Amino acid sequence: MRILKHVLLILLLVLTSCSKQENPNFLFILVDDLGYMDVGFNNPECFYDTPNVDKLASEGVVFTQAYAACPVCSPTRASIMTGKYPARLNTTDYFGAPQPGAWERNTPLLPAGYTEELSHSEITLAEALKEKGYATFFAGKWHLGPEEFWPEHQGFDVNKGGITRGGPYGGNKYFSPYGNPRLDDGPEGEHLPDRLATETVKFMEQNIDKPFLAYLSFYSVHTPLMARSDLEEKYKLKALDQPDNVWGEEAPRKLRTVQNHAVYAGMVEAMDQAVGKVLDYLSESGLDENTVVFFMSDNGGLSTSEGHPTSNLPLRAGKGWLYEGGIREPMVLRWPQKNMAGIKIDIPVISTDFYPTILEMAGVKSIEQNDGLSLRWIDGSRNVPDQRPLFWHYPHYGNQGGTPGAAVRIGDYKLIEFFEDKPCELYNLRNDIGERNNLADSLPEVRDSLLEVLHRWQKEVDAQFPTVNPAYEKLSE
């Protein structure tokens, strides 16, 4: 398999060696668990201060209907690295989630098995760009397999902090000492988001004369919930003007309906400050004139579990759910070669689209099949995609209360098929962004049409499904 991969990379280089397109730099900023409503550019009433990402949004294109390919982290991260749907890769749950043979929860179904690493047979974004002469850098959360699958084995020249774990669980967690085998400890008390920004700036300084990919993948704002004391105090005072905790329900879980969590707010602002540090360097060095910047989150905000730190309203539910709160993300693209500042685009896009977009911008002709669609259409140089289907396949029980299911969106309509014994749900997102008015019975033709599209796609990608749990004991009501 490794020989085949090497041959494919050589062929890719040959196919692109004659390109005359100028090679831009790329800064890809991925935030962990950041909700759609957790940034000012999507939510003017946001409790959290995000001036730097808001400024980035004012200078670029904001996608108001951008999606992660999965409601949890590892699958979405794999989709960005490969341009492929998690179901095609069989990377459908966060890596480390219990496999069916180790399942201990009393649920009607056993979750589907899944692959717990990003296969070396895949040509990653970094590998494709490296063959084009790019310097490649990764900082922060990786969570795509054990050590032999870490960033330095997937095309990245430098790896600062990317390991197996899905959170900063070593040492003093978000503060040095980090206990991370790929990130040297800083001075005691050094804050992880700022350190990752510093490492990113250092890499860009060292590669100022060659094209680069700097992939800044924050551990923030994932649990554990820890903030700098100054920021926590700031938001404790600010929360005094907020409503008291108002709890709703997304059965079987309670749901936060008000943004007023001081620790989480401090985590969001610290992330924003770290983003500002990197963007300030781009501006001061002049690299901003030839650096394409992407900003995205890997799944929705955490609202139904693990401290319930944020509210995604009016979006329904959050991380771990196939409702909009679990998969709709804040997204910005700043493309300096195009004058597109302040534009908002409401055409649905998804995380598989980054791969073909970046490779096309770099002049790489992809020889790998991918499920994404290059976003180059935003400059008007080609036709706008016309209601293409977007898919999600999550045959697992989320830690946050969600149950196994799959979804498809075409145009304004989104259908969710649950794999337990539940009816499908159908929503018109243009009229019902909160997914409260289920149209499955009143629009059976739309329901059945979308269901057929979803099932056809599942067969195409060889999607894996849950099975009946023989140990399930139905509790008496």
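This is a predicted model: local features need pLDDT of at least 70, side-chain atom pairs count only at pLDDT 80 or more; totals for chains, interfaces and linings use all residues.
With 0% relative accessibility, T310 counts as buried, because buried means under 20% relative accessible area.

T310 sits in the loop that runs between strand 10 (291–297) and helix 9 (324–327). Which side chain does T310 join through a polar contact of 2.7 Å? The partner is the side chain of Y48. Setting aside residues up to four places away in sequence, T310 touches D38, Y48, R256, Q259, Y264, G301, L302 and S303.

H308 belongs to the loop between strand 10 and helix 9 too. Its relative accessibility is 12%, so H308 counts as buried. Beyond its neighbours within four places in sequence, H308 is in contact with W247, K254, R256, L302 and S303.

Next comes A57, a residue of helix 2 (residues 51–59). A57 has 5% relative accessibility and therefore counts as buried. Leaving out residues up to four places away in sequence, A57 touches F41, V62, V332 and G342. Computed along the chain is one thing, across space another: A57 and G40 are 17 residues apart in sequence, and their C-alpha atoms are 9.5 Å apart.

| Residue | Relative accessibility | Class |
|---|---|---|
| T310 | 0% | buried |
| A57 | 5% | buried |
| H308 | 12% | buried |

**Helix 6 and what covers it**

Helix 6 (residues 192–206) has 15 residues, and its first and last C-alpha atoms are 21 Å apart, close to the 21 Å expected at 1.5 Å a residue. Its buried residues are L192, P193, R195, L196, A197, E199, T200, V201, F203 and M204. What lies over them? The cover includes strand 1 (25–31), strand 5 (135–140), strand 6 (158–160), strand 7 (212–217) and helix 8 (262–285).

**Helix 7 against helix 8**

Helix 8 has another partner to look at. How do helix 7 (residues 229–239) and helix 8 cross? Their axes come within 8 Å and cross at roughly 125 degrees, which means that helix 7 is oblique to helix 8. The crossing is right-handed. On the helix 7 side, L231, E232, K234, Y235 and K236 take part, and they meet A262, V263, A265, G266, E269, A270 and Q273 of helix 8.

Technical notes:
Residues are numbered from 1 along each chain as its sequence is written. Side-chain values use heavy atoms; hydrogens and water are left out. Helices (H or I, at least four residues) and strands (E, at least two) are DSSP runs, numbered from the N terminus. The expected span of a helix is 1.5 Å times one less than its number of residues. Buried means under 20% relative accessible area, exposed over 50%, partly exposed in between (1.4 Å probe, protein chains only). Contact means heavy atoms within 4.5 Å. A polar contact is a pair of N or O atoms within 3.5 Å; within protein, one must be able to donate a hydrogen and the other to accept it, and residues adjacent in sequence count only if both atoms are side-chain atoms. Axes are lines fitted to C-alpha atoms, for helices over the stretch in contact, and angles run from 0 to 180 degrees between N-to-C directions. Angles under 35 degrees count as roughly parallel, over 145 as roughly antiparallel, 65 to 115 as roughly perpendicular and the rest as oblique. A crossing is left-handed if the near helix is turned anticlockwise from the far one by less than a right angle, and right-handed if clockwise.
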